[in-house]
Amino acid sequence: MEKIEITGINLPKGETTSSLDETINSVLQKTFPSDSEENGNYLPKVYRQTAHTDYPTLIDPSFFCDEVNTVSMLKPNKSPGPDSISNEISKQFHLAFTSFPHKLFNVCLDAGIFPSVWKLTQVILIPKINEFRIPHLDNLRCKSLFPALGKCLEKFFVNRICWYLRRRDFLSNDQYGFTPQKRTKDALLRLNEIVQRDLKIWPAVTSKAFACDILVCFQGRDLPGRTGNFEPRF
């Protein structure tokens, strides 16, 4: 793929960025919006306040060896983060010094910290559509490259949180994305069941609501064989 130098991008309001700094700020604000404490509804404010409270980490058991051993399962041939440490290097280091990563991750858990250096990322802009002149902001996708050890620690935390949520039945049974033992096929079967049930009660309302939702899903996307506007048939 030919490298494209971006000097300016079109913004949703019809304007065009005139400098590299303005382009960078526009992309970052679109992809990584700031979480301002002045804005937001009641629940986000409560979440922020709860996140700043002291958490008794002593009640958390240390990471087990089996949990940390997932480092050896890192996928190869992946681009490294800003530290230039690839997954292959991380795997070989873990195999050579098994106890060190285990102690390192448990120190982070006991101290309740996530090393700031592992939060640094290298952002790569990938255009969704080949626009060789001036790309549009909505057609740029950001690819974030994080350090391998930071991704591992994040995965350990996420696995712990998900295990707790599932054990306490805090997650809905209709949650299919990023859920073990659930596939897109299961979601489609569940959707078909809901639509068929509701069509018997409110046929006109249900069909229109379903059609609007489908239109939103496929809006602005180029599909193979698609010509003109997407019009669902019932």
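A residue is called buried here when its relative accessible area is under 20%, exposed when over 50%, and partly exposed in between (1.4 Å probe, protein chains only). What you are looking at is a predicted model, in which local features need pLDDT of at least 70 and side-chain atom pairs count only at pLDDT 80 or more, while totals for chains, interfaces and linings use all residues. Residues are numbered from 1 along each chain as its sequence is written, and side-chain values use heavy atoms, with hydrogens and water left out.

**Overall layout**

The chain holds 8 helices and 2 strands, where helices (H or I, at least four residues) and strands (E, at least two) are DSSP runs numbered from the N terminus. Along the sequence they follow the order α-α-α-α-α-β-β-α-α-α. Taking a contact as heavy atoms within 4.5 Å, 54% of the contacts between residues at least 6 apart in sequence join residues at least 24 apart. The accessible surface, from the Shrake-Rupley method with a 1.4 Å probe and, for residues, only the protein chains shown as cover, is about 18300 Å². Carbon and sulfur atoms own 57% of that surface.

**Inside**

A nonpolar core is a set of buried Ala, Val, Leu, Ile, Met, Phe, Trp, Tyr and Cys residues joined through side-chain atoms within 4.5 Å. The largest one has 12 residues, among them F63, W118 and F156. Helix 5 (99-111) and helix 6 (148-167) each give two or more residues to this core, and helix 6 gives the most, with 4 residues. Setting aside residues up to four places away in sequence, C108 touches I113, P115, W118 and L153. A second, separate core has 6 residues, including I9, V27, L140 and C142.

**On the surface**

Now for the outside. L20, I24, L28, F32, V123 and L125 form a nonpolar patch with about 480 Å² of accessible area together. Such a patch takes Val, Leu, Ile, Met, Phe, Trp and Tyr with over 30% relative accessible area and no salt bridge, their side chains joined within 5 Å. Helix 1 (20-31) and strand 1 (122-127) each supply at least two of its residues, and helix 1 has the largest share, 3 residues. L28 sits in helix 1.

| Residue | Relative accessible area | Class |
|---|---|---|
| L28 | 35% | partly exposed |
| C65 | 45% | partly exposed |
| C142 | 17% | buried |

Key:
Patches are made of residues with over 30% relative accessible area and no salt bridge: like charges are joined within 9 Å, nonpolar side chains (Val, Leu, Ile, Met, Phe, Trp, Tyr) within 5 Å. A salt bridge is a side-chain nitrogen of Lys or Arg within 4 Å of a carboxyl oxygen of Asp or Glu.
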